[in-house]
Amino acid sequence: MNDTIILLKCNLAPGWRHMSDFLTTPGFLGTKATLRSDLTLVLILLTALLFNIGFILARRKQFKAHRWVQTGAVILSTLVVLISMVTSYIIHILPGIPAKLNQGDYAVTTVHGIIGAFALLLGVFVALRGNELVPKGLRFQNYKLFMRWAYALYMLATLGGVAVYIIVFVFGI
Ligand code: HEM
């Protein structure tokens, strides 16, 4: 992992090097994680909080506020997952699949990535549907079923991500 970071740093132009330094400096949570990973964790925990606030709003029948909160949480989590996690997965984990699946955090991170990908796809679809942005044929009416599945998968992906963080950056496995 460090070799890749050093190589990337050497090949970057000065402007990008500052960005790279910023993201590869030690994080602020006192673990072995970089600033990027700590920021990722905090932002995803923020989206998890938003999803739960949105859930409560739906229970209170405040549907407009519910829609805004969940749409914001879907957008934020999509950006964080694509920019930080999918990039990290492609650089650090994918080259070792399937040969290294029984080593380190390869298996747990891959399972997490698969659950996360389902959560993200369903979440984006439900958010688009909620904002009337899908073709007529895809406009499901059974909101409760779709939203509960999306919510459950997001929470599962978040718990899996926290487990990945602890395994990699607290225990250093
Ligand atoms: C809704 C979807 C997802 C949620 C809520 C989620 C949540 C999390 C959280 C909380 C962490 C710990 C923070 C960190 O270590 O940076 C994490 C780490 C990680 N996730 Fe996800 N994740 C999702 C989707 C994905 C997907 C689709 C992939 C890959 C295809 C993925 C790959 C990773 C990887 C590689 C890490 C370790 C990142 C690092 O280098 O720090 N995640 N995830």
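Modeller: The model is a predicted one. The protein has six helices and zero strands, so the order of elements from the N terminus is simply α-α-α-α-α-α. Of its 173 residues, 20% count as buried. Among contacts with a separation of 6 or more, 58% join residues 24 or more positions apart.

The pair in question is helix α4 (residues 63-93) and helix α5 (residues 106-130), whose axes come within 10 Å and cross at roughly 150°. Because that angle is over 145, α4 is roughly antiparallel to α5. The crossing of α4 past α5 is left-handed. On the α4 side the contact consists of R67, Q70, T71, V74, T78, V81, Y89 and I93. These meet Y106, T109, T110, G113, G116, L120, G123, V124, A127 and G130 of α5. By class, the residues of this contact are eight nonpolar, nine polar and one charged.

The second pair is helix α3 (residues 35-59) and helix α6 (residues 143-170), which pack at about 155° with their axes 11 Å apart. Here too the helices are therefore roughly antiparallel, and the crossing of α3 and α6 is left-handed. From α3, the contact takes in S37, L41, I44, A48, F51 and F55, and from α6, Y151, Y154, M155, T158, G161, Y165 and F169. The contact of α3 with α6 has 10 nonpolar residues, three polar and no charged ones.

Notes
Residues are numbered from 1 along each chain as its sequence is written. This is a predicted model: local features need pLDDT of at least 70, side-chain atom pairs count only at pLDDT 80 or more; totals for chains, interfaces and linings use all residues. Axes are lines fitted to C-alpha atoms, for helices over the stretch in contact, and angles run from 0 to 180 degrees between N-to-C directions. Helices (H or I, at least four residues) and strands (E, at least two) are DSSP runs, numbered from the N terminus. Angles under 35 degrees count as roughly parallel, over 145 as roughly antiparallel, 65 to 115 as roughly perpendicular and the rest as oblique. A crossing is left-handed if the near helix is turned anticlockwise from the far one by less than a right angle, and right-handed if clockwise. Two residues are in contact if their C-beta atoms, placed from the backbone, lie within 7 Å. Ala, Val, Leu, Ile, Met, Phe, Trp, Tyr, Cys and Pro count as nonpolar, Asp, Glu, Lys and Arg as charged, and the others, Gly among them, as polar. A residue is buried if 20 or more other C-beta atoms lie within 10 Å of its own, exposed if 12 or fewer, and partly exposed in between; C-beta atoms are placed from the backbone.
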